[in-house]
Amino acid sequence: MKARRVLLLGPPGAGKGTQARTLAAELGVPQIATGDMLREAVAAGTEIGVRARAFMERGELVPDEVVVGVARERLAAEDAREGFILDGFPRTTAQARALDEMLRELGTGLERVVVLEVDEEELVQRLLRRAEIEGRSDDNEETIRNRMRVYREETQPLIDYYRQRGLLREVPGSGSVEDVGARLREALCA
Ligand code: ADP
């Protein structure tokens, strides 16, 4: 049996988004990426976008209560009832607790957490390359280094949080997209 309520963890540039997209399509469940949702809110100029913008441009985390609200609404939607691939949420222990709580309210829970592991220098190189291709405003070297620091300080502790719950699998994130994808699919099997 393949897990269908999945969280992808890993540093910026580890390839969560790429893997989440194809995996979600394959499993027929939505990819829930708070970074994408926040960027859409910024582009649309909504109240949430206005609150999130400055944090995102500095590579800081958007306040928990804003992100938790966004995630809660998305997870409660009809299309997420049979599963989801979470990508970029939770990113703090407070968010992880809020996620546990909201899934409990929905009568469900996470089945698997996969952390994609990539060496920091490779990540910075990948993100600088992405900056040239996509022109994302938070993909400059200073902001990238800041996002790495924020990941180490705020998000890395979640690895232990989920390890203690027996949900964690660690997957090497270097190599081709296909190779990483194959390892990831294996990690979703019981
Ligand atoms: P990356 O993984 O490459 O850093 P994302 O698209 O996941 O990119 O996130 C971009 C930015 O959006 C983050 O740097 C942060 O400012 C904000 N963001 C996304 N998800 C969260 C979250 N769960 N909590 C707080 N901020 C978030």
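Hi everyone, and thanks for coming. Before we look around, please keep in mind that this is a predicted model.

Let's start with the ligand. Where does it sit? The space that the ligand takes up is the largest pocket. Around the ligand there are 19 residues, and the closest of them are Thr 34, Arg 39, Glu 60, Gly 88 and Gln 95.

What kinds of residues make up this shell? Eight are charged, seven are nonpolar and four are polar.

Now for some individual contacts. Thr 34 has a polar side-chain atom 2.9 Å from a nitrogen atom of the ligand. For Gln 95, too, a polar side-chain atom lies 2.9 Å from a ligand nitrogen atom. Arg 130 brings an N or O atom of its side chain to 3.2 Å from an oxygen atom of the ligand. And how much of the ligand does the protein bury? On its own the ligand exposes 560 Å², and 95% of that is buried by the protein.

Let's turn to Arg 185, which you'll find in helix 9, residues 177–187. Is Arg 185 buried or exposed? Its relative accessibility is 18%, so Arg 185 counts as buried, given that buried means under 20%. One more thing to look for is Val 114: along the chain, Arg 185 and Val 114 are 71 residues apart, while 9.9 Å separates their C-alpha atoms.

That's my tour, and I'm happy to take questions.

Key. Residues numbered from 1 in each chain as written. Predicted model: local features only at pLDDT ≥ 70, side-chain atom pairs only at ≥ 80, totals over all residues. Heavy atoms only, no water. Near = heavy atom within 4 Å. Polar contact = N/O pair within 3.5 Å; in protein donor to acceptor, adjacent residues only side chain to side chain. Areas by Shrake-Rupley, 256 points an atom, 1.4 Å probe, with all protein chains shown as cover. 1 Å grid on protein atoms, 1.4 Å probe; cavity = no way out; pocket = protein on both sides within 12 Å on 5 of 7 lines; lining within 4 Å. Sits in = over half its atoms within 2 Å of the grid points. Nonpolar A, V, L, I, M, F, W, Y, C, P; charged D, E, K, R; others polar. Helix = DSSP H or I, 4+ residues; strand = E, 2+ residues; numbered from the N terminus. Buried < 20%, exposed > 50% of the residue type's maximum accessible area, 1.4 Å probe, protein only.
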